[in-house]
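Colleague: I would like to learn how to read the packing of helices in a model like this one. Could we go through it step by step?

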Amino acid sequence: LLRRPTPTVARWRAPGFARQVDLVRAHLRVIHSHEALALSYSREHFHVEPVGARPPRPISLLRRSATDVAYAYRWMELAMGHQGGPWLAVVDAGAGMSDAGAGVSTGA
């Protein structure tokens, strides 16, 4: 699911960004359905985006916040049925969510 046609954005590889992604993911582990995750994201996103905001341009999607990335990653974890590894491991390997299980942890 995380195969990339282009190199990873440098910001996504920064240790501080990775810590933020993993911190938010830790809070999201208690969410076990896509519906609950979507509701949580809508509450979170409501505080970030101004009312009537235009959809983002493609280049701005690369500047997504660590919170947005964590929610997307959790969505994929739910779809795959298992928890992925730390964000930096996923970004570095590009295979943290593979069906083969690379980068997958079994911890809670």
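Modeller: Let us begin with handedness: a crossing is left-handed if the near helix is turned anticlockwise from the far one by less than a right angle, and right-handed if clockwise. In this model, which is predicted, α2 passes α5 in a right-handed crossing.

Colleague: Which numbers describe the packing of helix α2 and helix α5?

Modeller: In general, two packed helices are described by the angle between their axes and the distance between those axes. Here helix α2, covering residues 15–28, packs with helix α5, covering residues 66–80, at an angle of about 50 degrees, and their axes are 8 Å apart. α2 is therefore oblique to α5.

Colleague: Which residues of α2 and α5 meet?

Modeller: From α2 come Phe 17, Gln 20, Val 21, Val 24, Arg 25 and Leu 28, and these meet Ala 66, Thr 67, Val 69, Ala 70, Tyr 71, Tyr 73, Arg 74 and Glu 77 in α5. By residue class, the contact of α2 with α5 divides into nine nonpolar, two polar and three charged residues.

Colleague: Is Tyr 71 buried or exposed?

Modeller: The cut-off for buried is under 20% relative accessible area, and Tyr 71, at 8% relative accessibility, therefore counts as buried. Tyr 71 lies in helix α5, and, leaving aside residues up to four places away in sequence, it touches Val 24, Leu 28, Leu 37, Ser 40, Tyr 41 and Glu 44. Of these, Val 24 is 47 residues from Tyr 71 in sequence, with 8.0 Å from C-alpha to C-alpha.

Colleague: What does Ala 18 touch, not counting residues up to four places away in sequence?

Modeller: Ala 18, which belongs to helix α2, touches Trp 87 and Leu 88 once those sequence neighbours are set aside. Its relative accessibility is 4%, so Ala 18 counts as buried, and its C-alpha atom is separated by 7.9 Å from that of Pro 86, 68 residues apart along the chain.

Colleague: How many helices and strands does the chain have?

Modeller: The secondary structure comes to six helices and zero strands, and buried residues make up 28% of the 108 residues in the chain. Among contacts with a separation of 6 or more, 66% join residues 24 or more positions apart.

Technical notes:
Residues are numbered from 1 along each chain as its sequence is written. This is a predicted model: local features need pLDDT of at least 70, side-chain atom pairs count only at pLDDT 80 or more; totals for chains, interfaces and linings use all residues. Side-chain values use heavy atoms; hydrogens and water are left out. Axes are lines fitted to C-alpha atoms, for helices over the stretch in contact, and angles run from 0 to 180 degrees between N-to-C directions. Helices (H or I, at least four residues) and strands (E, at least two) are DSSP runs, numbered from the N terminus. Angles under 35 degrees count as roughly parallel, over 145 as roughly antiparallel, 65 to 115 as roughly perpendicular and the rest as oblique. Contact means heavy atoms within 4.5 Å. Ala, Val, Leu, Ile, Met, Phe, Trp, Tyr, Cys and Pro count as nonpolar, Asp, Glu, Lys and Arg as charged, and the others, Gly among them, as polar. Buried means under 20% relative accessible area, exposed over 50%, partly exposed in between (1.4 Å probe, protein chains only).
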